[in-house]
Amino acid sequence: MRRLSLGTRLALLFAACTATVSLGAGLLFNRASEQHFVELDQQLLESRLSLFRSQLAGVKHPGQLQGRLPALRNELSHQADLALRIDGPDGANWFASRDGLPGTPSTPTLTTLHAEGVDYRSLTVPADEQTPAQLTLYLDITHHQHFLQGMQRLIWLTVGLSALATALLGAWAARSGLRPLRQMGQVAASVSARSLTTRLPVAQMPEELAELATTVNAMLQRLDDAFQRLSAFSADIAHELRTPLSNLLTHTQVTLTRPRSLEEYREALHGNLEELQWMAQMINDMLFLAKADHGLLVPGQTALALHEDVDALLEYYAPLAEDNEVQLLREGEAIVQGDRPMLRRALSNLLDNALRFTPPGGQIRVTLEPGLRICVANTGVAIDAAALPRVFDRFYRVDPARREGSSEHAGLGLAITRSIVQAHGGSIRAQCQDGWTRFVIELPEVR
């Protein structure tokens, strides 16, 4: 069974509401009209009965009635839709101004009767205290009933026409009002890997859909950013792997051009091994970043004396720093809650990065500040302000001369460091000021 569209549902709902309101209003008006006619008929009958009572005063038997009949008929002739019936105390009929009148009602209240295709409103009262007769006055209300029946037909016709008109107008209004939704559907249908830049016109949306349009635009922007990063990441991977693979192919082809000694084959395999180890490390790093992107990094929660780990890392890098004539310093102490291997890897990446860019005679300073703020700073040439926001991007290198694939650094260290810090619920930023380049890590406090 085909489901009804939202526009059709709204149109039917409008039609049902209009039909209900119209029907209720029509029935109320019909009821009020009917009650109004009843009140008018009662007033007329009561006024006429008082007149007939006065004319029949003192009549005690049918014989005395004969002298009063001319006056009664004259009075009845003034109103053709009025009829009179006089019955004795024994129920015998004394007088009837018209043939075919219905019987006398059993109750002395205003009653609606029907006889020989004519509708009557009747009222029965005693003549007076001296006259034992009973007077019943009949008013022909057939024209009233025709009017009410015509009104009922008009009510049903009005209900039907108003429901139909409202359904058509509701369908048009719903279609016009739902146009932004169709636009959203068209935009969603046009989205593909080649067209992620399409956006919904939020300014032209109604207030109820503006927030949804904003959310959809934000989603499209995130998709566009993610796709751009994925495309760049794929291109970077291909770019980084191209050089070592070319080196391996070239080196292997050269080695196989002629027979060589065992020692030469050993040297060739050792050179290939270094390239393969670098490629394996880069793949492991990319897998680590992929786990971070999917929230799969779950660091341990152990209380660590971070200054002890920093001292161990500084001791490890001391020989390299001494060769480069770089001074290593650590200031302050800190206790953190985290994963020791992951935090050591993050700090090791920062120290390795600092050692590569610190000139001879420079200094690298690791500062542990209260509030779990860690700063790794080094002297040297400042990073360009335009490059600072990108230093944590994958495969990004500040030095243009080092952007080709290399067996030393793939440009993933700072990206891994940021992933580790974020997995611990912290943040990291880079800044350059007063001849110092600083990487500042802020971790949540120990609870």
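Student: Where is Leu69 found?

Tutor: Leu69 lies in helix 3 (residues 69-77). Helices (H or I, at least four residues) and strands (E, at least two) are DSSP runs, numbered from the N terminus. This is a predicted model, where local features need pLDDT of at least 70, side-chain atom pairs count only at pLDDT 80 or more, and totals for chains, interfaces and linings use all residues. Residues are numbered from 1 along each chain as its sequence is written, and side-chain values use heavy atoms, with hydrogens and water left out.

Student: Why is Leu69 called buried?

Tutor: Buried means under 20% relative accessible area, exposed over 50%, partly exposed in between (1.4 Å probe, protein chains only). Leu69 has a relative accessible area of 7%, so it is buried.

Student: What makes strand 1 and strand 5 a pair?

Tutor: Two strands pair if DSSP finds at least two bridges between them. Strand 1 (residues 82-87) and strand 5 (residues 134-140) have six, in the antiparallel sense, so they qualify. Within this pair, Leu84 has Leu137 of strand 5 as its bridge partner.

Student: In what order do the five strands of that open sheet run?

Tutor: The order is 2-1-5-4-3, with antiparallel pairing. Strand 2 (93-96) and strand 3 (111-115) are the edges: each has a single partner strand, so one side of each is left without a neighbour in the sheet. Neighbouring strands are turned by 25 degrees against each other on average, direction ignored. The angle is taken between axes, which are lines fitted to C-alpha atoms (for helices over the stretch in contact), and angles run from 0 to 180 degrees between N-to-C directions.

Student: Which side chains of strand 3 are buried?

Tutor: Thr111, Leu113 and Ala115 point to one face and are buried.

Student: What joins strand 3 to strand 4?

Tutor: Five bridges, with the strands running antiparallel. His114 stands opposite Asp119 in strand 4. The hairpin has two residues between the strands, and Glu116 takes a positive phi near 50 degrees.

Student: What is the strand order of the mixed sheet?

Tutor: Its five strands form an open sheet in the order 7-9-10-12-11. Strand 7 (327-331) and strand 11 are edge strands, each pairing on one side only. Here the twist averages 15 degrees from one strand to the next.

Student: Why is strand 12 called largely enclosed?

Tutor: Five of its seven residues are buried, so strand 12 is largely enclosed by the rest of the structure. Seven bridges join strand 10 to strand 12, which run antiparallel. Strand 11 and strand 12 also pair in the antiparallel sense over seven bridges. Thr437 of strand 12 is the bridge partner of Asn378, and Cys432 stands opposite Thr437 too.

Student: What makes a nonpolar core?

Tutor: A nonpolar core is a set of buried Ala, Val, Leu, Ile, Met, Phe, Trp, Tyr and Cys residues joined through side-chain atoms within 4.5 Å. The largest has 36 residues, of which Leu347, Leu351, Ile441 and Leu443 touch the most other members. Among the elements that each supply at least two residues of this core are helix 8 (306-323), helix 10 (413-423) and strand 12 (436-442). A second, separate core of 22 residues includes Phe52, Leu69, Leu123 and Leu137.

Student: Which residues line the largest cavity?

Tutor: Leu306, Leu343, Ala346, Leu347, Ile374, Val421 and Ile441. A cavity is a set of points on a 1 Å grid over the protein atoms alone where a 1.4 Å probe fits but cannot get out; lining residues have an atom within 4 Å of a point. Helix 9 (residues 340-357) gives the largest share of this lining, three residues.

Terms used
On a 1 Å grid over the protein atoms alone, a cavity is a set of points where a 1.4 Å probe fits but cannot get out, and a pocket is an open set with protein on both sides within 12 Å along at least five of seven lines; lining residues have an atom within 4 Å of a point.
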